[in-house]
Amino acid sequence: MWRPIVMGSLILGLPALAQDPAAGMAEPYRDAIPRSAAEVQRIAAVAAPTGTFSAAEPFEAMPGGAATGPAVQDMNAFSHPSANLAGPKEMDFHLGNALFRKLWVASPASTLGSDGLGPLYNARSCENCHLRDGRGHPPEGPEDGRVSMVMRLSIPGVAGSGPEAIAGWLATLNEPVYGGQLQDFAAPGQAAEGRWSVSYRDVPVTLADGTVVTLRAPDYTLSDLAFGPLAEGAMLSPRVAPPMIGLGLLEAIPAADILAHADPEDTDGDGISGRPAVVMSPETGAAMLGRFGWKGGAASLRDQTAAAFAMDMGLSTDLHPAPWGDCTEAQAACRAAPDGQEPGIRDGLEVDRESLDLVTFYARNLAVPGRADAGEAEVLRGKAAFYGAGCPACHVPKFVTARLDGEPERSFQLIWPYSDLLLHDMGPGLADNRPEGRATGQEWRTPPLWGLGSTAAVGDGTATYLHDGRARDLSEAILWHGGEASAARDAFAAMPAPDRQALITFLESL
C-alpha cells in the first residue's frame, strides 16, 4: 500500500500581492475598461450578500449573466455555448468543440493532422476526461475506467528553489523518473508507467438527531510500475476532472475583487483565512492569481488548456513545446519515440496556436445552466440554511466581471459561481499532504457550486464530489469539510433533518 507522506509547514510568508490587492497582479484577459467610481459603488451594492430569503434575488435565475444557458438538467446541460455569442464567435465555439472531442493518434500515422499522442498519456481527447463537459469520477470497480481521474506525483524540493517572484512558494519537484503524473497508457512500442486502484474504508458520522451517515475514506495502491519504485518521499494526489462550465466568466473576474475576500491572518476572527494561489503564467511569464485547478495551479484558461494537452495527452503547444509531454530524462525510449512535430505543419507543433486558441475559446464559453426554481419556497428555505451555516464565507455567491473590450459575452456580467477562488485549509480529512505552489497539503481552492443540480444528469446518473470523488452525494461532501469549514460542517450536522434536506435542495437548484 502506497500512501502519501505528510509534509510539515513550509510557509515562508505572504506575497506582497496578498497584502495589496492591486500590486503587480496581471489579468488573464485583454486590457479592461476601468470602472468608474459610480460603477464601483453600484457593484459593491449588487455583490453584497443578501439577508432576505423570502424571494429570489434579482437575476438569480441567470447565474452566468447574459451568457447563461438553458435552464435544463439533462445530459447536455453543460455543453451549450454562452447565450450571448453571435456570428463568427459561435462558429469558433463549434470548431473548438470539434477539437475538444478530437481523438488523437500516436506517431507515425497517416493522419498528419491528428498524430503526436503520447508517447505516454492518460487520455486521447479532452472529452475523454470531461465527458459531456462534466466532472470526472473515480472507478467504482475493477472494470470501471480511470480515464477521467489522474494521479499527480511529486517529491519535496529545496526551500527557496521556487519562483523568486512568489513568496511563500512550497518547493516541490516532479517525481524524478515518472514525472508529474502517472501515465497509464502508452503508444505502441512504449510501456505505460503503471496503474493505480482505490479502495475505501467506512467512516460513520453521527449527526445531532442520531442519523448516521457513512462516509468513505480512500486508500490508493500503485501497481505494475514499469520503471521501478517511486522515489523515497514521493507524494500522490488523485484528481478528478472538474466541470467545464463558466470558466471564462471566472477568468474575467478582476483579481482585486477576488483578493478583497482574502484574509490570510484571519484578522476578522471568523476562522476563515482564504489565501490567494499565485503562480507563474507560461503565457505571460508573470506572477498571476491562480484561478483554475483544484489548488489554483493555473492563472488563465490558455495556460490550463496547454498544460492539459502536455500532461494528459503528451501533445506539444507553443506554451509546452516538448513533444514528449511528461516523459522524464530517465525515460530515454519515451523521449526518442516518434513525434508529430513536422516543419511547416501546425507551426511545427502537435497542437498549433490556432487550435490551442480555439479549444481555449470553447472552454471560455461553455454556458452555466439557468435556474428554473430559484424562487421556490423549499429552495429559499435551503438558501437561508446555507447562509445561516456560514457557507458564503468561502462560497461567495456573486461577482461582476470586468468590462472587456471586444468580448461582450464575458463583459460586465453579474455572475453567481458560489466561490471565492481562494485557498482554504480543509483539515486533515481532505488533505492530500502534497503541496502545490503556495497551497499546502491541506489547502484547496474553493470549487464553484454552479451546475451542481445537473451533475448527475450530465454524468449518466453518476455524481461524485470533492477533488477525488469520494463523496457520493452532497451531504457526504459537506460532512468531509474540516479545518476552516469545520463550523459550517458542524452547523449542517446540527440541523434538523428537514433543514438539512432544504439546504441540499438549494444546492441542487444551482
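This is a predicted model: local features need pLDDT of at least 70, side-chain atom pairs count only at pLDDT 80 or more; totals for chains, interfaces and linings use all residues.
**View 1. Helices α7 and α9 pack against each other.**
Two packed helices are described by the angle between their axes and the distance between the axes. Helix α7 covers residues 301-313, and helix α9 covers residues 353-364. Their angle is about 115°, and their axes lie 9 Å apart. The crossing of α7 and α9 is right-handed. On the α7 side, L301, R302, T305, A306 and F309 make the contact. On the α9 side, the contact uses R353, L356, D357, V359, T360, A363 and R364. By type, the contact residues of α7 and α9 are six nonpolar, two polar and four charged.

**View 2. Strands β6 and β7 form an antiparallel pair.**
Strand β6 runs over residues 195-206, and strand β7 over residues 212-223. Twelve bridges join β6 and β7.

**View 3. A67 is a buried loop residue.**
A67 belongs to the loop between α2 (37-47) and α3 (88-101). Why does A67 count as buried? Its relative accessibility is 3%, and buried means under 20%, so A67 qualifies. Leaving out residues up to four places away in sequence, A67 touches S82, A83, N84, A367, E409 and Q413. P369 is 302 residues from A67 along the chain, yet the C-alpha atoms of A67 and P369 are separated by 9.4 Å.

Conventions. Residues are numbered from 1 along each chain as its sequence is written. Side-chain values use heavy atoms; hydrogens and water are left out. Axes are lines fitted to C-alpha atoms, for helices over the stretch in contact, and angles run from 0 to 180 degrees between N-to-C directions. Helices (H or I, at least four residues) and strands (E, at least two) are DSSP runs, numbered from the N terminus. A crossing is left-handed if the near helix is turned anticlockwise from the far one by less than a right angle, and right-handed if clockwise. Contact means heavy atoms within 4.5 Å. Ala, Val, Leu, Ile, Met, Phe, Trp, Tyr, Cys and Pro count as nonpolar, Asp, Glu, Lys and Arg as charged, and the others, Gly among them, as polar. Two strands pair if DSSP finds at least two bridges between them. Buried means under 20% relative accessible area, exposed over 50%, partly exposed in between (1.4 Å probe, protein chains only).
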